[in-house]
Amino acid sequence: SKGLLLTNVGASDITSSNPKIILGLIWQLITHFQLGDVSVDGISGKDGLMLWCRRKCLGYDGVEIKDFHKSWRDGSAFCALLHATWNDCLDWSHVDMTNPEGNLSLAFNVAERQFDIDRMLDVDDILDGVKPDEKIVLTYVSFFFRGFARYMKEQKNVNAITKAMDITRRHDKWINEYRGVSEEIRQWTDANVEKFSNQQEGIEGFGNTTETIRATLSILLDFKKTLVPDKLIKLSQLEGLLNT
C-alpha cells in the first residue's frame, strides 16, 4: 500500500529467517522511506542526493564526489558537508586529506553533537577495505540531508524568535522613554502652573504695585518665550513616540 516493490518477498521468507530476503526488505524500506523524500530540483532518490552533495561541496579543494563509496573514504566529503552548512561547526583547516581516520572521527562527532545526527557508523566501517559499502554511506548521507533540513528550519525559527525579541526590546525601550519624558513634562508643567498661578484672593498674589505686577508679567513672558517652545517640541516628539 506504500508503493514498495516486494518482488519475491513473502511472509514465509521472513518467518523462516531468510537473511538475504530480510536484508533486501530492510534495504527496500530504507530506499523508499529514507531516500524517497530526497528531492533536489525535481531529481529524487539517490541521484537527487548526489546532486545535493555536489552542490554543497562545490569549491572545497580536494573534495570531488563521484559516487557513494570511494569519494567518502578520506572523510573530507563528510567534513565539507558539515562546514558548508555551518562554518563554525568545525575548522576546515584541520581537515587533512592524508588523515582519513581523523577526518571521519571529526565528522561523525560534529554531526552527532551539532546536528543531532545519530552516529550510525564507526570509522572502521568506512576504512575497512578499499571500497566502503555504498549502502551504508548512502543511508548515512541521507541522514545528513534530513538533519541539515531540520537544522535550517530550526535556524529560521530561531531567527524569527530573535526578530520578535528585538521588536519587543525596542517597544520596551520606547515605553520606558515615553514614561520618563512624559513624567518629566508633567512635573515641569505642574511646577510652573503652581508658580504662575495666583494662589491668593485678589491681586496680592501677583503683587500690589505696578512695578511688582510688571516684574511678574516680565518673568511670565520670558518663561513663555524661552522655555515653553522647547517643551512644546518635546511634547510633539512624545506624541510621535506614542503613535509609534
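What follows is a chat about the aromatic rings, the core and the helix packing of a predicted model.

Colleague: New to this one. What kind of model is it?

Modeller: A predicted one.

Colleague: Let's start with rings. How many aromatic pairs does the structure hold?

Modeller: It holds 16 aromatic pairs. Take W52 and F148 as one of them. Their ring centres are 5.8 Å apart and their planes stand at 45°.

Colleague: Where do W52 and F148 sit in the chain?

Modeller: W52 is in helix α3, residues 45-56. F148 is in helix α7, residues 134-196.

Colleague: Give me another pair. What about F78 and F144?

Modeller: Also a tilted pair. The centres are 5.8 Å apart, with 50° between the planes. F78 belongs to helix α4, residues 76-85, and F144 to helix α7. That link spans 66 residues.

Colleague: How accessible are F78 and F144?

Modeller: F78 is buried at 0% relative accessible area. F144 is buried at 0% too.

Colleague: Which residues make up the aromatic cluster?

Modeller: W52, F68, W72, F78, W86, F108, F115, Y140, F144, F145, F148 and Y151 form one cluster.

Colleague: Switching to the core. How many residues are in the largest nonpolar core?

Modeller: It has 41 residues. L49, W52, W72, F78, L82, V141 and F144 have the most contacts inside it.

Colleague: Which helices supply at least two residues each?

Modeller: α3, α4, α5 (100-115), α6 (123-127) and α7. The largest share, eight residues, comes from α7.

Colleague: Back to W72. What does W72 contact away from its sequence neighbours?

Modeller: Beyond four places in sequence, W72 is in contact with C53, I65, D67, A77, F78, L81, L104, I126, V137 and V141. F78 and V141 are also on the list of core residues with the most contacts.

Colleague: Now helix packing. At what angle do α4 and α5 pack?

Modeller: About 35°, with the axes 8 Å apart. The crossing of α4 past α5 is left-handed.

Colleague: Which residues meet there?

Modeller: From α4: S76, F78, C79, L82 and T85. From α5: N103, L104, L106, A107, F108, V110, A111 and F115.

Colleague: While we're on α4, what about H83?

Modeller: H83 is in helix α4. H83 is buried, at 14% relative accessibility. Not counting residues up to four places away, H83 touches Y60, C89, L90 and W92.

Colleague: Last stop, I14. Where does I14 lie?

Modeller: In helix α1, residues 11-15. I14 is partly exposed, at 34% relative accessibility.

Colleague: What does I14 contact, leaving aside its close sequence neighbours?

Modeller: I21, I22 and L25. I14 and L25 are eleven residues apart in sequence. Their C-alpha atoms are 9.4 Å apart in space.

Technical notes
Residues numbered from 1 in each chain as written. Predicted model: local features only at pLDDT ≥ 70, side-chain atom pairs only at ≥ 80, totals over all residues. Heavy atoms only, no water. Phe/Tyr/Trp six-rings, centres within 6.5 Å; stacked < 30°, edge-to-face > 60°. Helix = DSSP H or I, 4+ residues; strand = E, 2+ residues; numbered from the N terminus. Buried < 20%, exposed > 50% of the residue type's maximum accessible area, 1.4 Å probe, protein only. Core = buried A, V, L, I, M, F, W, Y, C linked by side-chain atoms within 4.5 Å. Contact = heavy atoms within 4.5 Å. Axes fitted to C-alpha atoms, helices over the stretch in contact; angles between N-to-C directions. Left-handed = near helix turned anticlockwise from the far one by under 90°.
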